[in-house]
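Please read the following account alongside the sequence and the model.

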Amino acid sequence: MDPLILQNRLGHVFKDATLLQQALTHRSHSSLHNERLEFLGDSILNCVVASLLFDRYNKIDEGDLSRLRANLVKQQSLYEIAQRLDLSQFLRLGEGELKSGGFRRPSILADTLEALFGGIFLDAGFDAARDVIRSLYIPILDTVDPKTLGKDAKTLLQEYLQGKKIALPQYNVVATHGAAHNQEFEIECLVPKLEIQVFGTGGSRRAGEQAAAKLALEAVQAALVKTPASARKPRARTTQLKLAGIATIQPDAPIEDAPASVAKVEKPISLKAGKAEVKVDKTLKAEKQGKGEDKDKNDGKLQAAASATSDNHGEHSGTPINVIQSKTA
């Protein structure tokens with residue numbers, strides 16, 4: 001294809017045609033290739049884009065400016081610009097790269113575009129290179145959201161899902177269309193948890209994934225707005241009580257029908273080992289000491305008190321129990 005067409009698209013006509021030819025030459029073609037020009041063009045590109053961002057976004061700090069610049073000058077961004085220029089039609093590739101489809105490879109196209117920037121700098125100076133880069137990047141900057149720092153759709157989708165604790169999306173090639181030199185990839189993007197399935201197309205697998213990711217992000221955001229995550233149900237907490245040292249006295253009969261020697265206790269009584277005492281009515285203590293007065297009655301009362309204590313010991317083995325005598329008129 002006529003190199004003049006590419007120069008018109010770039011907005012610069014080379015005075016030295018050999019610089020243009022070298023910039024378009026891959027190392028697989030000949031020894032006079034574009035790698036040195038690529039090195040030079042990469043530095044010029046970073047400088048010009050940094051200047052553009054500095055002038056345009058005066059409220060963004062240095063760290064965010066660096067991240068935004070990195071997203072704008074990375075391989076994918078350069079590849080997309082190269083596609084708009086139809087740069088693949090002007091590449092000079094070796095036979096092996098031609099057979100393997102090197103003219104579609106993002107790395108080759110991105111490197112060639114940087115080599116062109118380096119060639120323009122050598123051909124006409126920094127201002128000429130800056131003007132070409134500005135003309136290519138101003139339309140991109142007009143669509144960049146500073147809040148996303150120029151991140152691509154796949155990155156934004158991944159970060160959004162991670163923020164919602166949802167598994168990452170799955171990408172699958174569904175089909176390829178067109179001739180070998182101009183294929184179009186149809187990519188499926190799945191978000192299983194939300195039952196989302198979308199399709200995107202592009203001139204490469206990566207471009208198709210980006211298109212699908214953009215649609216998936218919109219679908220995910222819409223789905224979560226319609227059905228926000230329900231508030232967590234409070235868990236029923238079960239209190240586990242250690243039985244050791246806890247005594248409960250809950251007679252079936254009403255309090256007035258309970259034996260006179262035992263009072264109704266509505267709440268569990270927590271007993272500390274070594275501090276509990278068995279309180280026995282003073283009358284029983286006096287009778288237990290025995291002074292020869294009605295020995296049979298004394299024995300009966302002592303047995304009743306002992307029986308009540310023994311029952312509580314059966315329920316709480318080895319733990320002393322408070323037996324509190326109710327006071328009746």
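Ser204 has a relative accessible area of 8% and is therefore buried, where buried means under 20% relative accessible area, exposed means over 50%, and partly exposed lies in between (1.4 Å probe, protein chains only). The model is a predicted one, in which local features need pLDDT of at least 70 and side-chain atom pairs count only at pLDDT 80 or more, while totals for chains, interfaces and linings use all residues. Residues are numbered from 1 along each chain as its sequence is written, and side-chain values use heavy atoms, with hydrogens and water left out.

Ser204 sits in the loop between strand 3 and helix 10; helices (H or I, at least four residues) and strands (E, at least two) are DSSP runs, numbered from the N terminus. Apart from neighbours within four places in sequence, Ser204 has contacts with Tyr79 and Phe185, a contact being heavy atoms within 4.5 Å.

Tyr79 belongs to helix 5. With a relative accessibility of 1%, Tyr79 counts as buried. Beyond the residues up to four places away in sequence, Tyr79 touches Arg104, Pro106, Leu109, Ala110, Gly203 and Ser204. The C-alpha atoms of Tyr79 and Ile108 are 8.6 Å apart in space, although the two residues are 29 apart in sequence. The side chain of Tyr79 also makes a polar contact of 2.8 Å with the side chain of Gln83. Such a contact is a pair of N or O atoms within 3.5 Å; within protein, one must be able to donate a hydrogen and the other to accept it, and residues adjacent in sequence count only if both atoms are side-chain atoms. An α-helix has 3.6 residues a turn, so residues three or four places apart point the same way.

Helix 5 as a whole has Gln76, Ser77, Leu78, Tyr79, Ile81 and Ala82 as its buried residues. Their cover includes helix 3 (35–56), helix 4 (62–73), helix 7 (106–124), helix 8 (126–141) and helix 10. After helix 5 comes Asp86, with a positive phi near 55°.

Three strands make up an open sheet in the order 1-2-3, with antiparallel pairing; two strands pair if DSSP finds at least two bridges between them. Strand 1 and strand 3 are the edge strands, each pairing on one side only. On average, neighbouring strands of this sheet are turned by 25° against each other, direction ignored. Axes here are lines fitted to C-alpha atoms, for helices over the stretch in contact, and angles run from 0 to 180 degrees between N-to-C directions.

Strand 1 and strand 2 run antiparallel and are joined by seven bridges; Ala175 has Glu186 in strand 2 as its bridge partner. Strand 2 and strand 3, also antiparallel, are joined by seven bridges. In strand 3, Gly200 stands opposite Ile187, and Phe199 stands opposite Glu188. Strand 2 is largely enclosed by the rest of the structure, because six of its eight residues are buried.

The hairpin of strand 2 and strand 3 has four residues between the strands, and Glu195 there takes a positive phi near 55°. Glu195 is exposed, with a relative accessible area of 75%. Lys165, in the loop between helix 9 and strand 1, likewise has a positive phi of about 55° although it is not a glycine. Lys165 is exposed at a relative accessible area of 72%.

The buried residues of helix 10 are Ala207, Gly208, Glu209, Gln210, Ala212, Ala213, Ala216, Leu217 and Val220. Among the elements that cover them are helix 5 (75–84), helix 9 (153–163), strand 1 (170–177), strand 2 (184–191) and strand 3 (196–202).

The protein chain overall has twelve helices and five strands. Of its 329 residues, 33% count as buried. Among contacts in the chain with a separation of 6 or more, 58% are between residues 24 or more positions apart.
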